[in-house]
Amino acid sequence: MKDPRRPIGVFDSGVGGLTVLSALKKALPQEDFLYFGDTARVPYGGKPLPMVRRFAWEIAGFLLREGVKAIVVACNTASSAALPDLAEDLSVPVFGVLEPAAEVARTYRKVGLIGTQATVESRAYERLLDLAWAKACPLFVPLVEEGLWNDPVALLVARHYLEEAPKDLEALILGCTHYPFLKGTLQKVLPGVRLIDSAEATAERVAEALRREGLLNPQGTGRVVHFVTGDPESYKNLAGRLGVEVAELRRVSLEEL
């Protein structure tokens, strides 16, 4: 039986999905959330898609056992690997981040994509829209996970990755939820290009679907419980640097998944 009072599950390979969580909290202030960061196995982008698919199913199973009413796959690589199978087979609504970003991108004529190796090679975005250019940027996730999004080394790496971007590019999809933390750096390299991240569009889609399904929580408090597979203190410190307060945190061993 559907219970609107249950929390919404959100998961990512690490801290990147906190961008989506923040947008969800803003759009749905009365909802409670469980956020799962698979920090012991981050990054996902260089791993084979079948392996990432297994990770996604493990985490989704964990969140279902914790009693969530919906799941947001706040990771482009996991969305590329595991959707739409998760959406078809699970007993709760499942939302990814690819389609919301593609919907915004369709309003531009010449669109590029940066993402993890796995996301770019999956060609998942090409099934949703025409791309003028795509580039895998494997060093961006480790830079964010190390807290170096504003460091000079991030600017050097961004210039290296984006030097081949078309001069007349109008918009660039940030095809990884870690990448919005690099917006300031990316904008220095591509000052006239619209940077598209899927957080707000995803949050709007989730809010609309829950409202339609009668699953909005009438009495939630905005509580967030964080679960991580790696070191909890490292995660808490990094989340704090990103402006996210972590009040409740639990470490989950890989054996529990």
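Two strands count as paired if DSSP finds at least two bridges between them. With that in hand, we can walk through this structure, which is a predicted model.

**Around strand S5**

Start with Gly112, which stands opposite Trp133 in S6.

How much of S5 is buried? Five of its five residues are, so the strand is largely enclosed by the rest of the structure. In a regular strand, side chains alternate between the two faces of the sheet. For S5, both faces are covered: Val111, Leu113 and Gly115 are buried on one side, and Gly112 and Ile114 are buried on the other.

The buried residues of H5, which spans residues 98-105, are Leu98, Pro100, Ala101, Ala102 and Ala105.

Ser198 belongs to the loop between S8 and H10. Its relative accessible area is 4%, so it falls in the buried class, for which the cut-off is under 20%. What does Ser198 touch beyond its neighbours within four places in sequence? The contacts are Val97, Pro100 and Ala101. With Val97 there is a polar approach too: a polar side-chain atom of Ser198 lies 3.4 Å from the backbone oxygen of Val97.

**The six-stranded sheet**

Another part of the model is an open sheet of six strands with parallel pairing, ordered S4-S3-S1-S2-S9-S10. At its edges are S4 (94-95) and S10 (248-251), each of which pairs on one side only. S10 is held to S9 by four bridges in the parallel sense, and His226 faces Leu249 in S10.

Helix H1 (residues 18-27) lies across S1 (8-12), S2, S3 (70-73) and S9. Relative to S2, H1 runs at about 170°.

**Aromatic pairs**

Searching the whole structure turns up six aromatic pairs.

| Pair | Centre to centre | Angle between planes | Geometry |
|---|---|---|---|
| Phe36 and Phe62 | 5.4 Å | 65° | edge-to-face |
| Phe62 and Phe227 | 5.3 Å | 75° | edge-to-face |

Why does the Phe36 and Phe62 pair get that label? Its planes sit at 65°, so the pair is edge-to-face, the class for angles over 60 degrees.

Both pairs link distant parts of the chain. Phe36 is in strand S2 (residues 33-37) and Phe62 is in helix H2 (residues 49-65), 26 residues apart. The other pair takes Phe62 in H2 to Phe227 in strand S9 (residues 224-228), a separation of 165 residues. Phe36 and Phe62 are buried, and Phe227 is buried as well. Taken together, the ring pairs join Phe36, Phe62 and Phe227 into a cluster.

Notes:
Residues are numbered from 1 along each chain as its sequence is written. This is a predicted model: local features need pLDDT of at least 70, side-chain atom pairs count only at pLDDT 80 or more; totals for chains, interfaces and linings use all residues. Side-chain values use heavy atoms; hydrogens and water are left out. Buried means under 20% relative accessible area, exposed over 50%, partly exposed in between (1.4 Å probe, protein chains only). Helices (H or I, at least four residues) and strands (E, at least two) are DSSP runs, numbered from the N terminus. Rings of Phe, Tyr and Trp (its six-membered ring) pair if their centres lie within 6.5 Å; planes under 30 degrees apart count as stacked, over 60 as edge-to-face and the rest as tilted. Contact means heavy atoms within 4.5 Å. Axes are lines fitted to C-alpha atoms, for helices over the stretch in contact, and angles run from 0 to 180 degrees between N-to-C directions. A polar contact is a pair of N or O atoms within 3.5 Å; within protein, one must be able to donate a hydrogen and the other to accept it, and residues adjacent in sequence count only if both atoms are side-chain atoms.
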